[in-house]
Amino acid sequence: MKRNKFLVSVVSLALCGAMVLSGCSSKKSDSKKGGKKNAKVEEDSKGKVDMFEALEKFSPDMQYDDVEKMIGFAGTCTHPKEDGKFSHESYEWELTSDTSVQATFYIDEEGKFVSSSMTADFYSKLIRDDDVDFSDLDKFEKKAKSDEGITYEECCKIFGAEGVLKEVSDTSKKYEWAAEDGGWMDVTFNSRGIASFYNGMT
């Protein structure tokens, strides 16, 4: 099949929800090069967990102390909270020279914790998987733009492999697929497990 060579336009779909996450759970990849099989990320991690484990174990009800305990050392504050209004504070944990995670903690006007989110920062080359195939990208886009939308499981079937969990919040999860030729795709799924946003280059 002819492989698509273009920048996928960033698309915001209409089905974003604010419900508690369901479905679309993280799954371990069978790839020898990506996901949980990446020995360099696992062996070089400065924490008690590597980047992949941190995302899998993270929950949006975790506060700073919970995340620090899970990772095993203090994070670096990148955004301090502001008193007297709905705000957030963010911390970063550098786990290897090529990977880190950032956690953001949301706080209401009274200073009470509301929820948290976590994002992984890594080069796509770390998760490249020779099973990932973007030759059916037209099928993905058609399904994503349809009224019913597209689920994580359907994306896995079209792309030929499971995605790598990249971001978790109380309303969404983001996964990335990376092919051996350098192509990549990020897809965010809302609380109903339907893709609400995607971008990438294939």
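Predicted model: local features only at pLDDT ≥ 70, side-chain atom pairs only at ≥ 80, totals over all residues.
Which residues of α5 are buried? They are Y152, C155, C156, I158 and F159.

## Helix α5

Viewed down the axis of α5, the buried residues fall within an arc of 165°, so they line one face of the helix. The cover over these residues includes α4, β7 (172–178) and β8 (184–190). Just after α5 comes G160, with a positive phi of about 85°.

## Overall layout

The chain has 202 residues, and 48% of them count as buried. Its secondary structure comes to 5 helices and 9 strands. From the N terminus on, the order is β-α-α-α-β-β-β-β-α-α-β-β-β-β.

Take the contacts with a separation of 6 or more: residues 24 or more positions apart account for 55% of them. The accessible surface of the chain is about 10500 Å². Carbon and sulfur atoms hold 47% of that surface.

## Nonpolar core

The largest nonpolar core has 47 residues. Within this core, V101, F140, F159 and W177 touch the most other members. Helix α5 gives the most to the core, with 5 residues.

What does V101 touch, not counting residues up to four places away in sequence? The list is M51, A54, L55, I71, Y91, E92, W93, L95, M118, T119 and A120.

## Aromatic pairs

The model holds 14 aromatic pairs. One of them joins Y152 and W177 in a tilted arrangement, 5.9 Å centre to centre with 35° between the planes. This pair links distant parts of the chain. Y152 sits in helix α5 and W177 in strand β7, 25 residues apart. Both Y152 and W177 are buried.

Y152 also pairs with F189, here edge-to-face, at 5.8 Å centre to centre and 85° between the planes. Y152 lies in helix α5 and F189 in strand β8, so the pair ties together parts that are 37 residues apart in sequence. Both Y152 and F189 are buried. Y152, W177 and F189 belong to one aromatic cluster, whose members also include F134, F140, F159, Y175 and Y198.

## Salt bridges

Side chains of opposite charge can pair when their charged atoms come close. How many salt bridges does the structure hold? The count is 8.

One of the salt bridges joins K143 and E154, with the closest N and O atoms 3.8 Å apart. K143 lies in helix α4 (residues 137–144) and E154 in helix α5 (residues 152–159), so the pair ties together parts that are 11 residues apart in sequence. K143 is partly exposed, at a relative accessible area of 22%. E154 is partly exposed as well, at 30%. K143 and E154 are linked with E148 in a network of salt bridges.

## Burial at two further bridges

E167 and K174 meet through their side chains in a salt bridge, at 4.0 Å from N to O. Is K174 buried or exposed? K174 counts as buried because its relative accessibility is 18%, and the cut-off for buried is under 20%. E167 is partly exposed, with a relative accessible area of 23%.

The side chains of K112 and E110 form another salt bridge, at 3.5 Å from N to O. E110 has 62% relative accessibility, so this residue counts as exposed.

Terms used:
Residues numbered from 1 in each chain as written. Heavy atoms only, no water. Buried < 20%, exposed > 50% of the residue type's maximum accessible area, 1.4 Å probe, protein only. Helix = DSSP H or I, 4+ residues; strand = E, 2+ residues; numbered from the N terminus. Contact = heavy atoms within 4.5 Å. Areas by Shrake-Rupley, 256 points an atom, 1.4 Å probe, with all protein chains shown as cover. Core = buried A, V, L, I, M, F, W, Y, C linked by side-chain atoms within 4.5 Å. Arc of directions from axis to C-beta. Phe/Tyr/Trp six-rings, centres within 6.5 Å; stacked < 30°, edge-to-face > 60°.
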